[in-house]
Amino acid sequence: MQEAKIKDTSFDLGGRSFKSRLIIGTGKYKDFAETRAAVEESGAEIVTVAVRRVNITDRGKENLLDYLDPRRYQILPNTAGCFTAEEAIRTCRLAREVGVGDLVKLEVIGDKQTLFPDVAATIEAARVLVKEGFKVMPYITDDPVTCLRLQEIGCVAVMPLAAPIGSGLGIRNPFNLAIIIEQAKVPVIVDAGVGTASDAAEAMELGCDGVLMNTAIAGAKDPIAMARAMKLAVEAGRLAFRAGRIERRLYATASSPLTGLIG
Amino acid sequence: MPDAFSMPDSIATSTMPTIILNGDPYPIDGDLQLSALLERLNARRGRVAVEINREIVPKASYSATIIKPGDNVEIINFVGGG
């Protein structure tokens, strides 16, 4: 493909540059082999993982990192399942000790049914974690003011939700996202709510720097095919954003010359 | 002399030293090197992180760290998640 005229800016997160703007989660796959196949097909260079107790009874259990080499992939531990700032901070400290760096996805849930973030607790945790040298990527409501606060605290990205986690509802509030993108000096990554490829493309067309998803790929009938679809959608959406779409108009403008018509 | 039938379970098993490992009682033979426990659990140091009594143990201290009966030990690793 010929290079687009409008040069792409590099996708930098926490001091590293990435080519892929698709970040994918590793939950809900049939097994680690399928996880790895989906990650490879998606082209993602950053993958999220959860932090959980080691299985004491099953000594032979395989480890996710045996399938996703931390030298090849940026491992992004998340604090999914944490309902307080304290739990999230403790989880991040443990995750860093595993030894995959200090980039973390901060997620403090405020409500079990909607899995919407607890905004106050997320801000509180972010403040502590940034002070401790973590590179914090917070999952947060699509609220422009909250995103500004998180940016001021020193988060390396803001990750507004498109819709509830795992809902597949797509981008519920593109106008808020547009405001967040306009105000942000750090990368804006849509996290959660993507259902299919067009949702990912829409996020990128709005000017998001990246998209993070898990269920949309892992829950598809064919996760490997959907991983590829998402890779293409993120690339297409980004390219369309860089190319600059036409203005929306109410009336038609003819595509063919109005002169030289047969008469 | 206590009657065996009236003895609560917690006293009956107290002869075996235990720690709390990932939330559950886990018997140990006495003081135990953290690195030995990890080996016993087949947990590789590059894949886990450890907390003892809520304090993180740096990897460099695994051999020098001794787990004592009654300690609360958490060993975590990464699993699939979004």
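Modeller: Two strands pair if DSSP finds at least two bridges between them, and helices (H or I, at least four residues) and strands (E, at least two) are DSSP runs, numbered from the N terminus. This is a predicted model, in which local features need pLDDT of at least 70 and side-chain atom pairs count only at pLDDT 80 or more, while totals for chains, interfaces and linings use all residues. Residues are numbered from 1 along each chain as its sequence is written, chains are lettered from A and ligands numbered from 1 in the order in which they are written, and side-chain values use heavy atoms, with hydrogens and water left out.

Colleague: Which residue in β7(B) stands opposite Ile52(B)?

Modeller: Strand β4 (residues 48-52) of chain B runs antiparallel to strand β7 (residues 72-80) of chain B, and 5 bridges join them. Within this pairing, the residue opposite Ile52(B) is Val73(B).

Colleague: How many of the residues of β4(B) are buried?

Modeller: Buried means under 20% relative accessible area, exposed over 50%, and partly exposed in between, with a 1.4 Å probe and protein chains only. In a regular strand the side chains alternate between the two faces of the sheet. Here Val48(B), Val50(B) and Ile52(B) point one way, Ala49(B) and Glu51(B) point the other way, and all are buried. The strand is therefore largely enclosed by the rest of the structure, the buried residues being 5 of the 5.

Colleague: Which residue takes a positive phi in the hairpin of β4(B) and β5(B)?

Modeller: β4(B) also pairs with strand β5 (residues 55-57) of chain B, in the antiparallel sense and over 3 bridges, and Glu51(B) stands opposite Ile56(B) there. The hairpin has 2 residues between the strands, and the residue with a positive phi, near 50 degrees, is Asn53(B).

Colleague: How many residues apart are Glu41(A) and Arg228(A)?

Modeller: A salt bridge is a side-chain nitrogen of Lys or Arg within 4 Å of a carboxyl oxygen of Asp or Glu, and Glu41(A) and Arg228(A) form one, with their closest N and O atoms 3.9 Å apart. The pair links distant parts of the chain, since Glu41(A) lies in helix α1 (residues 32-42) of chain A and Arg228(A) in helix α8 (residues 223-243) of chain A, and their separation is 187 residues.

Colleague: Is Arg71(A) buried or exposed?

Modeller: Arg71(A) meets Asp69(A) in a salt bridge of 3.1 Å, N to O, and Asp69(A) is partly exposed at 28% relative accessibility. The relative accessible area of Arg71(A) is 75%, so this residue counts as exposed.
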